[in-house]
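Dear colleague,

Please find below the structure that I am handing over to you. My findings follow directly after it.

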Amino acid sequence: MALFVGAVQAQEPVRPASSPPARPPQTAVFPSEVDYVEVDAFVTDPRGNVVHGLTRDDFLLFEEGIRQEIAAFAEVAVPAERVRATPIEAAPPPRDTATNEEAVQGRIYAIVLDELHTDAQRSGAVRTLAREFIAKHMAEGDVAAVVFTGGGTHAAQTFTGDKRLLQEAVGRFTGRKLPSATLERLRAIEFQRNLLANEPRPEGAPPPPENRLAPRPGLERDPHDAARASAARASMESLESVARGFAGVQGRRKAILFFSEGIDYDTLDVMGAVQRSASVVRSSMREAIATAARSSVAVYSIDPRGPVGPIGSEVLPMTSPAEAAAFGIDSRSLGQELRLSRDSLRRLAEETGGIAVVDTNDYATAYERIVRASSQYYLLGFYPLESKRDGAFRRIAVRVERAGLTVLAREGYVRPRAQPDEKETPGLAAAAETSPELRALLDNPWPQPGLALGVTAAAFKGSGRDASVVVTIQLSGPGVPVEPQPDRPADEIELSLVAIDRQGRVRGGERLLARPSAESHEHVERSGLRFVRSLQLPPGRYQLRVAAREAPQGRRGSVAYDLEVPDYGDQELAMSGVLLASRTAALTPTPALDDVVMPMLRTPPTAARRFEPGDVVTAYAEVYDAREPAHETAIATRVTSLDGREVFRTTRLWSSSELEQSGAYRHEVDIALTDVSPGQYLLQIAARPTLGEATVSRELSFEVVPVAVAADSAPATAAPARRWDARRPTSRIDRLEAWLAAVESHEPGTADGPAYMVRSWTADELQELATDVAVVVRLIGDPQSSVMWLVDPTLRGRPQRAPYSVDDERRFRALAREAAERGPGARNRLLKRGAVLHTDAAIRVGMGYAQPRGAAEPRSDRWQVRFSDGQQQGAEQAPGHWELARALLDNVQPDPMRDETVRLWYLATSAFGQHYEQHTRQEDRAVELFPGDANLLLLAGSFHETFASPRMQSLARSIRLPSGVSHGIGAEQSELREAEKLLRRALEAQPALVEARIRLGRVLYRLGRHEAAARELQQAVAALSSGGSKAADDDGLLRYYAEMFLGAARESLGRNDSARVSYARAAALYPDAPSPRLALSQLAFRGNDRAAALDAVQRALRPEASRPDRDDPWWRYHVVQGRRVDAWFDELHRSLAVEP
Amino acid sequence: MRRAGGLALLVSTAVVTAAQTPTFSTGVEAVRVDVLVTDGDRPVPGLGPADFEVRDNGVRQNVSFVSAEKLPLNVILALDTSASVLGEPLDHLRGASLALLERLELEDQAALVTFCHEVRLREPLTRDLARVRRALAQIEPLGETAVIDGSYAAVVLGDTDLGRDLVIVFSDGVDTASWLREERVLDAARRSDVVVYGVSVRGADRPEFLRELSELTGGGLLEVDSTRDLRAAFVGILDEFRHRYLLNYSAVGVSPDGWHQLAVKVKRRGTTVRARTGYVAGH
């Protein structure tokens, strides 16, 4: 259920207005030559805003002061909108598959937690800071790793997109910084002094003078010098190792977040007066910076100390200042340490193109800046003039030839050495014979796009302590190259799978080759290929890495999947992972199917999580129950939509005598997706023994996609409507052209490729599109009209220059000419079909469809709120298809108010909104346009009546939205009064519209006007008993409502006997419905007839009547007004067909 | 207050028929009041009839009988199983209910009513508590909340049997789906003997209906911060209920019909008395 809300009135159409200039294409080609150098440049204006739209010519790039030619250039804008924490956060549905589909968009972060340079007391602060970044600033498609500097180079958590795993790793952090050098030296001096003071001396001899403790070498030095130098080196080596790991990643923005209090080692103390290892520390720091620069990775150093000095345990009074001064310690010494440590953090950041978050408490802003710098930047590439391989550091500088702009870029790079770097990370010992290309991919934990791959895994109880992990790998059809030649079989596909444990060791793996036969190539192209393997793994956490390659073009892809293998041996009650199979997925060719899986399912499991309506999905899980004595276990399987609507439920009671020898119940359930509408769903399997209170459950999500789309696409994890996605426009005019083609191709009432394509556009893109369509529509009517000047009707003033080029103008005119060729009705046809296209995109592509990343600044005025049981479940920004559809229809000529298609559109969409509780608030606008239409007035009245209901009033109290956004639900009484007005108008327009009379009666009753309510309802009952209206009543549905409401009104008037008659009639119409029985019971109780009261309650509640399909029309009174939605949509689509 | 069934005590010319149909022959009412006496948070034990002062519509009555622990209990659990309890809250709710069942005696009975938009009698009053446990295991959260309909059903079901009737209504939200009106259900509760305890989770909406229902029946409303606290709440309610007193008196000097305001006092300093606020007589 959803409610669309906004700061602006919902009915206000999106008007064409001038828009910011279109952004340049976001594609870039990344050369991979060794001598190619890549630099990311982040450009801001004096106010810190990111500067867009710069071109190659705006940049100057220097190496050692000599200008270089920029060979590759791209403005990269990974949209940041999903990075930002929305004010209302909803938990994402649990995913049990991983794909490499969105890999190219994501950022890669290494979160390096510097244990060696964090005071133990600030451990909590570091954990909080790191967690905040993970929770609020990492987006879908981003991956991160957590590394501890004290733990060698092993990652505490290798790269993953799973925030839960990252948060857990951060939770293990504890700082163990050495005490301050200054304080330790003071302590040493104090200790020496005490020793001297207590030295045995002849009796009567005077105590030693204060100044006897003369400076001497041992006391001048930092007592922890060696440990401090070693810690500094370890931290820098960790950074270097992480940076080196990034070297192979090209074309994706990568960043190191270095949480540290900095290196407090005086690297300028070359004489070794206090600290003797200055040169070693300096060189390790330089090496780290050089490696980062070479890998083109920016270091963002984050100091958890904030703007205050070294406080807390480190501040101790200096007991003997005079003496300390003799050793070079004074009141500034601690400040000097602080300065050193902060300088080190600044240096690391500045020389790698990062930002130092030092001396500030405003981490949120800093994080936003880090994400922005990782999201919106310019990528410059050049070929150095000299291609020496001497390992020398080369200073580079990037400037922009515009005043006031600041450029952040790395300050240099290190030329490669002739010999391979001996510190190169050894690759993973991948499965034997794996090709070097796949080995390279398996070494990296981040997904590599290219060949589309999907993977899922489920752990089952195995033999001994090891679990059997069933891994299903699927290659999408269109990505699999199978072009059979007459004389040779189709091409080879190589696939390699490894399981890596937390220590980075390979614990299992396999290499597979597939050579689809010439006969099967069509099948493979349509359905892809599937591999199902099993691995025997001991309990623990693993990352499964899968890489695949096709031979002819050498395309590759990889994906990583995080998996927790439980210890099934030590649990009395446990559940395996869940396998899914489906009738459609059964058709996917499966060249490698493991024996372990054979007895589990009738058809192989699938990694697909998109199914068509009508398909039958089979879920399989094992429940391990070791409890004694004999008992029963209920295993329930439920499927619910994201808003909590249940579409499937079954519970099976197992007896412990049915346990397999392995101690498992093999639970298999068929879920028919008949009548399941497109959208995202949750599948939950839960087991509860009758013994004790423990339960175990598993959850996963899947999507139901419309048949028209699913048939068009790969069945695996590939996005639906691939063909249309392939047309994803790169410029504004391209988008308009794609839209015009989509409008022509779209089959109304389906979620086909065109609908999916426009659904993938962002709110900003739709806003631009509204302007562009307005221009085309104007050109169709008047081919001579201007393209280059736009008038925003919402703003008074002069026309504004349109954001189009001369070439755009030419294309605009050509597109308009082409559209106009359809004849005189071309204009209206375009508008109406366009409106229906966006309507289908909004309602048929489904609420669960993941909105793609949008422009940097998301629109903030349109929200949709998901709710269930009167409580908000979540809220997200609405993409704006409804507004665009309305805006298009507003331009229908000669007058939308006299247009039948427009009327039918409002009727169908209002009915849809109310029937499916997707309240888009069309109703008020509908009655503005069609003030005399009884059906629209009825829907508008019902809409306000529903808003007065307890569920919506409760929602209004619970709703949380960003400031400035209003939910638009009025107070109960005012909604009821509005409903009354509209329903009365509906009856004036059509007195025989009995449904309006029933609702009016109900509204009057709720307003406390019982006598008037009873009059209307009696009239309704009478009308329904007469011929005409009786036929119009759906199986007595309206009569039921009329009798129930009349009963309530009569009861309030003290006419209990006649109330009883009404309730009894309603009970006769729907004998299973409990509400009339409860009403009769309550009347009997008041009349002190306890026996009758009890009898009626028992009949209302009788268990045998409590079947899942039991019906009480009262339960659907708030949606029933929209029940003709399908018929009205059919009429709407028919009316489109008769347009020229 | 009259009782349908064997506990209906009728003075004077009363006749208790063998059939379960009550017969009332005079205007003299046998009234039963379930009372909780506390000192601070702790129930006060060991009180006798002489310790109580009961006024019925302002007229002092002679309390003839005090009994507390010996009568078996009828515990009716009315639980909200709407979509909002899905997941952990349901586990907590189930755990709390099982803990309560554990503490019932041999002679006690329990019943399970659940409500989402639909009210369901999962298990009628029974001494076979295993049946109730099994019914608990089969609960599936779904739909909206009809707490008013659910409470009504529990009150009516509880008002029918021997023993003392305790209804525990749990809901984590406000009513969004009931047919019955709040005031009618409160009226029914006034006419019944059951003691209702409401349990709700603190949230945006105040559980006014549950508060009123529990106060007028002499029970109480417990607001917990989290469903984790349900076990303590359920067990606490049962303990408290076992420490209550059951007062009987024959109403004299008052009108045989209509609403009777009740005032119960204990002649000891520092004690607090909780009892229903009145009853409806006659008809």
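Strand 18 (residues 467–475) and strand 21 (residues 529–537), both of chain A, form an antiparallel pair over nine bridges; A:S468 has A:Q536 of strand 21 as its bridge partner. Strands pair if DSSP finds at least two bridges between them, and helices (H or I, at least four residues) and strands (E, at least two) are DSSP runs numbered from the N terminus.

The model is predicted: local features need pLDDT of at least 70 and side-chain atom pairs pLDDT 80 or more, while totals for chains, interfaces and linings use all residues. Residues are numbered from 1 along each chain as its sequence is written, with chains lettered from A and ligands numbered from 1 in the order in which they are written.

An open sheet of five strands in chain A, with mixed pairing, runs in the order 6-17-18-21-26. Strand 6 (97–99) and strand 26 (592–593) of chain A each have a single partner strand, so one side of each lacks a neighbour in the sheet.

Turning to contacts (C-beta atoms, placed from the backbone, within 7 Å), 38 residues of chain A touch 42 residues of chain B. Helix 30 of chain A gives the most to the side of chain A that touches chain B, with eight residues.

Leaving aside neighbours within four places in sequence, B:I168 is in contact with B:V75, B:L77, B:A78, B:Y197, B:V199, B:F234 and B:I237.

Yours sincerely

How values were computed
Two residues are in contact if their C-beta atoms, placed from the backbone, lie within 7 Å.
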